[in-house]
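Keep the sequence and the structure side by side.

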Amino acid sequence: KVPMFPFHTWLPDAHVQAPTAGSVILAGVLLKMGSYGFIRFCIPMFPDAVRYFMPLLLTLSVIGIIYGALMALAQTDLKKLVAYSSVSHMGFIMLGIFALNRQGVAGWVLQMFNHGVTTGALFLCVGLIYERTHTRVIADLGGFAKQMPIYAVMFGIFAMSSLGLPGTNGFVGEFTIILGAYSADATRIYAIFAMLGIIFGAAYTLWMYQRVMFMEIKREEFKKIPDLNFREIMTLAPLLGFVFWIGLYPAPFFKIMEATIASIRGILPV
């Protein structure tokens, strides 16, 4: 359910086949059930097993980060690209859990929320463009920065959040997780390899955004596509607020977590 490599294969197809609302609920809520299960049930009930399998779990997390990013880089379908980016981001969440320290767990909790905000918003953006064009093939899209400037700005901000640009929520969550993993000698090497996922994440996100927004308009009918209306802007605006609120001032969110993190930290096996 996380989805963790190699048990991730259901996720891209589920996202592509689902309607926009289904993809948003899946990314925003349902994927978190797996990682919540790890921290609430698996670790407290089986601390010795967690300690024993910790290197394997960390290895699978890092593989998921890099593999998901590379697969996203190869996609031609816009929605499937976002789905594989979700696999990569959930790898970061698992890395935070199995760092088994306070910073890692704090990053895990925050990044769970961040992932729901950012990836959910990206699926909304994909759905909005699909409603207008009836295609998700990246090669068929292009030129929307000029045609739909409000959409281009909002989509761009959520894309920057996804790749972890400083000043956005994605940076705070991933940085905290990497910091937690790097702070322990046993997990430092995993943190170093996980940083490759950030580099690849920037590559597939920026390349996707360039092709969708700044290439030439491919079809004549796309030149008549309207920009976002008031209802659509108001749908994305709260998510936009969370991107900058957490990115610029995450202290209130960490404060809310303190009691929970303290109780979880007390049951961690190391």
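In which segment is Pro-6 found? Pro-6 sits in the segment before α1. Another cis bond joins Val-2 to Pro-3, where omega is near -5 degrees. Pro-3 also belongs to the segment before α1, a helix that covers 10-17. Most peptide bonds are trans.

Now step back to the whole chain. Its architecture is helical: 12 helices and zero strands. Read from the N terminus, the order is α-α-α-α-α-α-α-α-α-α-α-α. The radius of gyration is 19 Å, close to the 18 Å from the globule rule for 270 residues, so the chain is as compact as a globular protein of that length. The C-alpha trace spans about 60 × 35 × 30 Å along its principal axes.

Of the 270 residues, 53% are buried. The accessible surface comes to about 11800 Å², and carbon and sulfur atoms hold 71% of that area. As for charge, there are 19 positive and 13 negative side chains. The centres of these two sets lie 4 Å apart.

How confident is the prediction? The mean pLDDT of the chain is 86, and 98% of the residues reach 70 or more. Confidence is highest in helix α11, residues 230-248, at a mean of 92. It is lowest in helix α12, residues 251-265, at 82.

Next, go to helix α6, which runs over residues 102-133 and contains Gln-111. Is Gln-111 buried or exposed? Its relative accessibility is 3%, under the 20% cut-off, so Gln-111 counts as buried. Which residues does Gln-111 touch, beyond its neighbours within four places in sequence? The contacts are Ile-93, Asn-169, Gly-170, Gly-173, Glu-174 and Ile-177.

Most residues other than glycine have a negative phi. Leu-100 is not a glycine, yet its phi is positive, about 60 degrees. Leu-100 lies in the loop between α5, residues 78-98, and α6. The relative accessibility of Leu-100 is 2%, and it counts as buried.

The other case is His-134. Here too phi is positive, at about 60 degrees, and the residue is not a glycine. His-134 is found in the loop between α6 and α7, the latter covering 144-147. Is His-134 buried or exposed? With a relative accessible area of 62%, over the 50% cut-off, His-134 is exposed. Leu-100, by contrast, is buried.

Finish with a distance across the fold. Pro-44 lies in helix α3, residues 32-45. Its relative accessible area is 33%, which makes Pro-44 partly exposed. How far is Pro-44 from Asn-229, in sequence and in space? The two are 185 residues apart in sequence. From C-alpha to C-alpha, they are 48 Å apart in space.

Methods
Residues are numbered from 1 along each chain as its sequence is written. This is a predicted model: local features need pLDDT of at least 70, side-chain atom pairs count only at pLDDT 80 or more; totals for chains, interfaces and linings use all residues. Side-chain values use heavy atoms; hydrogens and water are left out. Helices (H or I, at least four residues) and strands (E, at least two) are DSSP runs, numbered from the N terminus. The radius of gyration is taken over C-alpha atoms; the globule rule is 2.2 Å times the number of residues to the power 0.38. Buried means under 20% relative accessible area, exposed over 50%, partly exposed in between (1.4 Å probe, protein chains only). Accessible areas come from the Shrake-Rupley method with a 1.4 Å probe; for residues, only the protein chains shown count as cover. Lys and Arg count as positive and Asp and Glu as negative; His and the chain ends are not counted. The place of a charge is taken as NZ of Lys, CZ of Arg, CG of Asp or CD of Glu. Contact means heavy atoms within 4.5 Å. pLDDT is the predictor's confidence in each residue, from 0 to 100.
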